[in-house]
Amino acid sequence: MSEASASTTASDPSAGLPPALRPLCLAGPTGCGKTAAALAIAGRQPVEIISVDSALVYRGMDIGTAKPTPAELAAVPHHLIDLLEPTESYSAAQFVRDTLRLVPEIQARGARPLLVGGTMLYFKALFDGLSELPQADPALRAQLDAEAARDGWPAMHARLAALDPETAARLAPLDAQRIQRALEVCLLSGEPMSALYRRQRAQGVDWPLISLEPSDAARAWLHRRLAQRFDLMIEQGFIDEVRRLRARGDLHLGLPSMRCVGYRQAWELLDANEAAPDLAALRELGTAATRQLAKRQITWLRSMPARRVVAAEAPDALERLIALADVNANANASAG
C-alpha cells in the first residue's frame with residue numbers, strides 16, 4: 001500500500017462544529033498577498049494558521065521562501081513552518097496527516113483553523129482524499145507485458161473487464177498503458193481500481209476555499225509584483241542565504257528543498273562564480289521561474305470549481321476577502 005493510504009484517512013474532523021470553528025482555506029499564486037490577507041482575517045476572528053507551502057517547512061530557508069517575519073509569526077500562531085532540515089523531504093500525505101491532527105487541536109483551543117498557501121497539490125490531496133493505489137511493481141508489469149505480447153491487449157482488456165468492469169468500460173481495448181495499470185492495481189490490492197477511487201473521493205474534506213488570484217487582465221500586475229518581490233529578496237540577502245546553505249556541505253540540487261524556485265537558480269549561478277554571481281542573471285532567471293510557478297498555481301486553482309474568487313489586483317480585494325471569511329457576516333446573510 002502506498003505511503004498516502006498508510007498515513008491517514010481524510011475524514012472531516014469538523015463535522016457538527018459551529019461555523020466559527022470550521023476550517024477556512026485561503027489559496028492563491030505566489031506574490032498575491034496571501035500573508036497580509038491571512039493576518040487581516042486574524043485581526044477579525046481568532047484563528048491559527050496552517051501553512052500550505054512545501055517550501056516553508058524547511059529551516060534556514062527564510063528569504064527565498066518569503067517566510068513570515070518573526071513579528072508575523074508572533075502575532076498569530078502558525079503551524080507547519082520550520083519543520084524539517086533541508087536534507088529531508090515532505091509529502092502531500094504527510095501534510096494531510098499533520099493537518100488532520102492540527103485542526104481538532106486548534107478548534108479545542110477555541111480558534112478557527114486557517115489554511116493558507118500556494119502548494120496546490122496539498123490542497124488537492126486534502127479535498128480529494130489520498131490515493132490508496134499501490135505503487136508500481138516492476139516484476140508484475142513485466143509479467144503483464146509478456147502476457148499481452150502473447151495474447152494481445154484486447155484479451156488483457158477482457159481480463160480487466162472480468163475484474164473491474166467499471167474501469168474497463170472507460171478504456172479502449174488497445175489502451176495498453178492504462179489497461180496494464182488497472183490490472184496491476186487489481187492484482188496487487190485485491191480490489192477494483194474503481195472501488196479504490198470511490199473510497200478516495202469519499203475521504204476528502206469539504207472546507208470552504210477562498211482563492212486570491214489575479215484576473216486574466218491583471219497578468220502585468222502580477223508580473224510587476226513578482227519582479228519587485230524578487231528584487232527585495234536579493235536586497236535582503238538571498239545570495240548570502242544560499243551561500244550558507246551551500247556551506248553546510250550536505251545539500252545538493254537533487255534535494256526537493258534545493259529545487260525550490262529561486263534556490264536552484266541561485267545555486268547554479270554560485271556554481272559558475274561563487275565570489276561574484278551575476279545578480280542580473282539571477283533576477284532574470286528567478287523572476288521567470290516564479291512567473292512559471294504562478295502560472296501553474298493559477299491553472300490548479302481553476303480546476304477547483306467550488307472556490308470563491310477574489311481578484312487580487314482589485315483595490316478592495318482585502319475588504320472583499322475579509323467579508324467572505326467573516327463568519328458572523330456570512331451567518332447573518334444566510335439568516336436573511
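Visitor: Which residues of helix 7 does helix 6 meet?

Guide: The model is predicted: local features need pLDDT of at least 70, side-chain atom pairs count only at pLDDT 80 or more, and totals for chains, interfaces and linings use all residues. Residues are numbered from 1 along each chain as its sequence is written, and side-chain values use heavy atoms, with hydrogens and water left out. Contact means heavy atoms within 4.5 Å. From helix 6, Leu-144, Asp-145, Glu-147, Ala-148 and Asp-151 meet Trp-153, Ala-155, Met-156 and Arg-159 in helix 7.

Visitor: How are helix 6 and helix 7 oriented to each other?

Guide: The axes (lines fitted to C-alpha atoms, over the stretch in contact, with angles from 0 to 180 degrees between N-to-C directions) come within 7 Å and cross at roughly 120°. Angles under 35 degrees count as roughly parallel, over 145 as roughly antiparallel, 65 to 115 as roughly perpendicular and the rest as oblique. Helix 6 and helix 7 are therefore oblique.

Visitor: What is the handedness of the crossing of helix 7 and helix 9?

Guide: The axes of helix 7 (residues 153-163) and helix 9 (residues 176-189) come within 10 Å and cross at roughly 40°. A crossing is left-handed if the near helix is turned anticlockwise from the far one by less than a right angle, and right-handed if clockwise. The crossing of helix 7 and helix 9 is left-handed.

Visitor: Which residues of helix 15 are buried?

Guide: Buried means under 20% relative accessible area (1.4 Å probe, protein chains only). In helix 15 (residues 317-325), the buried residues are Ala-317, Leu-321, Ile-322 and Ala-325.

Methods
Helix = DSSP H or I, 4+ residues; strand = E, 2+ residues; numbered from the N terminus. Buried < 20%, exposed > 50% of the residue type's maximum accessible area, 1.4 Å probe, protein only.
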